[in-house]
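This briefing covers a single protein model. Please look over the sequence and the structure before reading the points below.

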Amino acid sequence: VFATAARGEVAYNFIHECDVGAHCLEKAAPHFHHNLLFDNARDLSMSGVEDGGGLRIAAEAAGVYERNLFWDNMRAQVLLEGADEAQVASNTLLFGREAPRTGSGLVDSEGVLVRSAGQADVRDNEILGQGTVGIHVLSAGDPHCLANHIHGAWQSAIRVAERGRGYFRDNKVQHVEVGILLQSQGDPLMDANTVTDARVAGVRADQGGQGRLQQNVIVRNEINVSVASGGSPTLERNDLSHPRTVAVRVEDGGQG
């Protein structure tokens, strides 16, 4: 644990079988690099810890977290809680799993979970095979997500919901169920991303999902863009060619 306002360097460590692998509290600003974090938060129901995982960065924490390997941590490989100045860059996040059932139901496993307002910088990360979502933005989170490669997630590569926002640019998404999922007033700016080979849809907006998508390449998906009831995204100057079935499908109740 990095205490409030702590600094320092943490490098070349093996961190495993903890409730939380590393926890950075308010105003902490470490340089955290070249660590291996694996098998953390394996049994949250027994520990009483609400939010476990590999790396947890609290509100108002800063620091640089780079070139680490996260492997099979439950709940979230990286959890950002309103950290405006944190930089999460050039990490590899592999094979997060779904955590066991607890009294409150199934706890999702995610690559990067951004929860509560904050503009952390998430860039150049390799995110492969997460249990549910590669990058998940909730509760007015507003990260800058740049040049990440997200593939093989069991559900969606990117999900923005619960009034989450964010700026997403130059990310590469492929081989997932849904590439970008926009729900419950999620309203990000998606600019110049590439989404290919999604098994259900490259982009799906429903249940109040919004968002502006511009200059993206969304091609070779089962459906390139799907707008279901309650969805109202804005699409401008995107390449929506070569779908397997339909380029843009707007269902009953869909807008945009």
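Which residue in β10 does valine 64 stand opposite? Valine 64 stands opposite glutamine 87. The model in which this pair is found is a predicted one. The protein has 1 helix and 31 strands, and 55% of its 256 residues are buried.

**Sheet**

- Ten strands form an open sheet with parallel pairing, in the order β1-β4-β7-β10-β15-β18-β21-β24-β27-β30.
- The edges are held by β1 (9-11) and β30 (234-236); each has a single partner strand, so one side of each has no neighbour in the sheet.
- From one strand to the next, the twist averages 10°.

**Nonpolar cores**

- In general, nonpolar side chains of soluble globular proteins tend to be buried together.
- The largest nonpolar core has 45 residues, of which Ile57, Leu80, Val112, Ile135 and Ile158 touch the most other members.
- Strand β20 (residues 156-160) gives the most to this core, contributing 3 residues.
- Another core lies apart from the largest one and has 5 residues, including Ala76, Leu79, Leu138 and Ala161.
- Leaving aside residues up to four places away in sequence, leucine 80 touches Ile57, Ala86, Val88, Val112, Leu113, Val114, Arg115, Ala120 and Val122.
- Two residues on that list, Ile57 and Val112, are also named with Leu80 among the core members that touch the most others.

**Contacts and surface**

- Of the contacts in the protein with a separation of 6 or more, 45% are between residues 24 or more positions apart.
- The protein exposes about 10,500 Å², and carbon and sulfur atoms supply 47% of that area.

**Cysteines**

- The structure holds 0 disulfides.
- Cysteine 18 counts as partly exposed because its relative accessibility is 30%, a value between the cut-offs of 20% for buried and 50% for exposed.
- Cysteine 24 has a relative accessible area of 0% and is therefore buried.

Conventions: Residues numbered from 1 in each chain as written. Predicted model: local features only at pLDDT ≥ 70, side-chain atom pairs only at ≥ 80, totals over all residues. Heavy atoms only, no water. Disulfide = S-S within 2.5 Å. Buried < 20%, exposed > 50% of the residue type's maximum accessible area, 1.4 Å probe, protein only. Helix = DSSP H or I, 4+ residues; strand = E, 2+ residues; numbered from the N terminus. Contact = heavy atoms within 4.5 Å. Areas by Shrake-Rupley, 256 points an atom, 1.4 Å probe, with all protein chains shown as cover. Core = buried A, V, L, I, M, F, W, Y, C linked by side-chain atoms within 4.5 Å. Pairing = 2+ DSSP bridges. Axes fitted to C-alpha atoms, helices over the stretch in contact; angles between N-to-C directions.
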